[in-house]
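Okay, thanks for coming, everyone. Let me put the structure up, and then I'll walk you through a few spots in it.

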Amino acid sequence: MASLNDKLIHSVYDGLILHRPQLKSLVDLDEDDDDDGEIDIRLLADLIIRSYPWPIGVELRRLFSAQLAEPDRMRLEQLFKTLERTLQFLAFVQGSQLLTVSATQKLTIGAGLGPEFVRRWSTISLGNLTWLIKHTQDVMDQNGLVPFMEEAKQELTEEFFTNCSFWIPERNAIGHYEIHLTDEQIQIKCVEPQERLMAIRRSLAFLAKYKLVSVRSIQVEKTRRGEAHFNHQLNILNSSN
């Protein structure tokens, strides 16, 4: 059903241009060139895919594909995968920052949370990712740390976590085939969770402001009495590599 993708693409795009307004000029230019003035949905989809860090972009590309346009089991599974990969990316960035800071300063962490962090990181699941994102943000707030992605402090609201939590029992039951859904039930679930996914994606649209790079090589430059300097050869990590 093309309308499922159309609605999702437009919703994600509307959130995207709030953080990267320069992208709107590319769409406006294409709209001017189009005889009927309609925005090409394929252009929007490609723009969204290329704007996000590639681990997220590749899941969006699969979700937006014609093969997954029908409200069936494959689309429902990809909805889950897209959400999980997005939350995984966010949790990894948060966790990396916390780990880096902890190497140089002592952090205040609530009683019993240390072992719980270790346990949750040992199994990457939707429920654990949601827990990790929420409690890592709490630890940052308690220690006066500004998130590397500053927008997270404003966007990670109770509503955001409520929308994420909605998916957890659904994912556990459906993903592990604990319940057997009819085709009609799957069609309904492809529509209902998508509404919450659109809300989550709007909250996390700021991720498109940040790029991933791949390190192609590292050159060490050092004189006999001087300190070593490291020259990193970087490339943007995207669909081409």
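**A buried glutamine, a helix start and a cavity**

Let's start with a pair: the side chains of Gln-78 and Glu-59 are joined by a polar contact of 2.7 Å. By polar contact I mean two N or O atoms within 3.5 Å, where within protein one must be able to donate a hydrogen and the other to accept it, and residues adjacent in sequence count only if both atoms are side-chain atoms.

Before I go on, this is a predicted model, with local features needing pLDDT of at least 70, side-chain atom pairs counting only at pLDDT 80 or more, and totals for chains, interfaces and linings using all residues. Residues are numbered from 1 along each chain as its sequence is written, and side-chain values use heavy atoms, with hydrogens and water left out.

Back to Gln-78, which sits in helix α5. Is Gln-78 buried or exposed? Buried, because its relative accessibility is 6%, and buried means under 20% relative accessible area, with exposed over 50% and partly exposed in between (1.4 Å probe, protein chains only). Leaving aside residues up to four places away in sequence, Gln-78 touches Glu-59, Arg-62, Leu-63 and Leu-68; touching here is contact, heavy atoms within 4.5 Å.

Zooming out, the chain has ten helices and two strands. Those are DSSP runs numbered from the N terminus: helices are H or I with at least four residues, strands E with at least two. From the N terminus on, the order is α-α-α-α-α-α-α-α-α-α-β-β. Of the 241 residues, 43% count as buried.

Now look at α3, residues 41-51. At its start, a side-chain oxygen of Asp-40 comes to within 2.9 Å of the backbone nitrogen of Arg-42. Buried residues in this helix include Leu-44, Leu-47 and Ile-48.

A cavity is a set of points on a 1 Å grid over the protein atoms alone where a 1.4 Å probe fits but cannot get out, and lining residues have an atom within 4 Å of a point.

Which element gives the largest share of the lining? That's α5, with three residues. Among the lining residues are Val-93, Gln-97, Met-140 and Phe-148.

Methods. On a 1 Å grid over the protein atoms alone, a cavity is a set of points where a 1.4 Å probe fits but cannot get out, and a pocket is an open set with protein on both sides within 12 Å along at least five of seven lines; lining residues have an atom within 4 Å of a point.
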